[in-house]
Amino acid sequence: MTTNANEAPPSRRTRTIDDIWRPIMEQDLKWGRVPRPSAAGPDGVTPRLFRAVPTEILLRIYNIIMWCERLPEDLLKSRTIFLPKKTDAVEPGDFRPITIPSVIVRGLHKILAKRMEVMLDIDPRERAFRNTDGCADNTFLLDTILRSHRRNFKSVYMASLDVSKAFDSVSHPAIETALTEIGVPRPMVRYLAEIYRESRTRLEGDTWSSAYIHPGRGVRQGDPLSPVIFNVITHHMLQQLPDDIGIHLGDTLINAVAFADDLLLIATTSPGLQRLIDGAAAYLGDCGMTINPAKSMTVSIRAAPHIKKTMVDVSATFTCGGQQLPSLSRSNKWRYLGVIFTPEGRTMCRPREVL
């Protein structure tokens, strides 16, 4: 059976979760194409050379790897480069590490990642790395919540939590547990556990490179599977939040909005929000991740419906890990996914003032 290259991947209704680890077929290869401008891994294989490999040989390589449930030793090696987050980057925290495995590995993992995206039932509150405009969805939803509660004189309590270096710090046992609990086939769990246990990478700068080292935690930023794996971790955190806490928009209860490691928690009472913060912090702690209170914040909008008013209550305090989270006042602004908000909602752009 052949599949048109423009067709969408099969839906969950036509596949079972065990099909994530089914043999690679010719029609699957279109999902594993590595863009030509992509960098080569430590083996020097470029995307151009990779695309020249005959289909029959490539299918045999991929399916032997899956049958063995492990990568050959040479394909376990990667190289890690450092991309500056800003123009005057100097400190280690000013750089983002990107791990570049072999193009062969990236091709296989792109196919497996596409299957996981389609076949795993990831919590819809996590909108990063999905086939949708998650930034627009989340910013629109936050604006709607703030404006609707102000207009209808309803109380709402929110916390924006900053997870410190989430992609770098999640523990490998937590990854294995999360994949198992969501139903990823055991052969694939064993395959990924082997990769995280045995993989090596070398650090590279402009004129230097290190010896190969073994990262003891974190997902491999640069591996096509990593975004889906991180979404699985977030999925379990969202599933463990109390489902009796949150706000209602129409018939929908909302208590969390996530975009990768950007997490918003929402409740109608201050004790409810504290419960959400405690639950999220506990799960993240079990996975080896921590919340940075200094970069987090809370907004408390208390309603007085009898006089048809709302006020930003700066006296409401919340803690995380024994530390108090900053509380915003009505005049404060904050940035969420690149959009500036106030407790009244999204700020309107005034081009004339900017110019």
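Predicted model: local features only at pLDDT ≥ 70, side-chain atom pairs only at ≥ 80, totals over all residues.
How many helices and strands are there in the protein? There are 10 helices and 16 strands, where helices (H or I, at least four residues) and strands (E, at least two) are DSSP runs numbered from the N terminus. The radius of gyration, taken over C-alpha atoms, is 23 Å, close to the 20 Å that the globule rule gives for 355 residues, so the protein is as compact as a globular protein of that length. That rule is 2.2 Å times the number of residues to the power 0.38. Along its principal axes, the C-alpha trace spans about 75 × 50 × 45 Å.

Residues are numbered from 1 along each chain as its sequence is written, and side-chain values use heavy atoms, with hydrogens and water left out.

I turn to the domains. The protein is divided into domain 1 (17-119 + 172-216) and domain 2 (134-166 + 230-346), with bounds that come from an automatic or database domain assignment. Their C-alpha centres lie 34 Å apart. Seven residues from domain 1 and six residues from domain 2 take part in the contact, meaning heavy atoms within 4.5 Å.

The area buried between the two domains is about 520 Å², and carbon and sulfur atoms give 77% of it. Buried area here is the accessible area (1.4 Å probe) that two parts lose on being put together, summed over both. In domain 1, Ala 174, Ala 178 and Ile 182 lose the most area to domain 2, together 63% of what that side buries.

What is the count of salt bridges between domain 1 and domain 2? The count is zero, a salt bridge being a side-chain nitrogen of Lys or Arg within 4 Å of a carboxyl oxygen of Asp or Glu. For the protein, the count by this rule comes to 17. One of these salt bridges joins Glu 69 to Arg 190, with the closest N and O atoms 2.8 Å apart. This pair links distant parts of the chain, 121 residues apart: Glu 69 is in the loop between α2 and β1, and Arg 190 is in helix α7 (residues 186-198).

Finally, the backbone. Most residues other than glycine have a negative phi. Glu 69, however, has a positive phi near 60°. Ala 260 also has a positive phi, of about 55°, and lies in the loop between β7 (256-259) and β8 (262-267).
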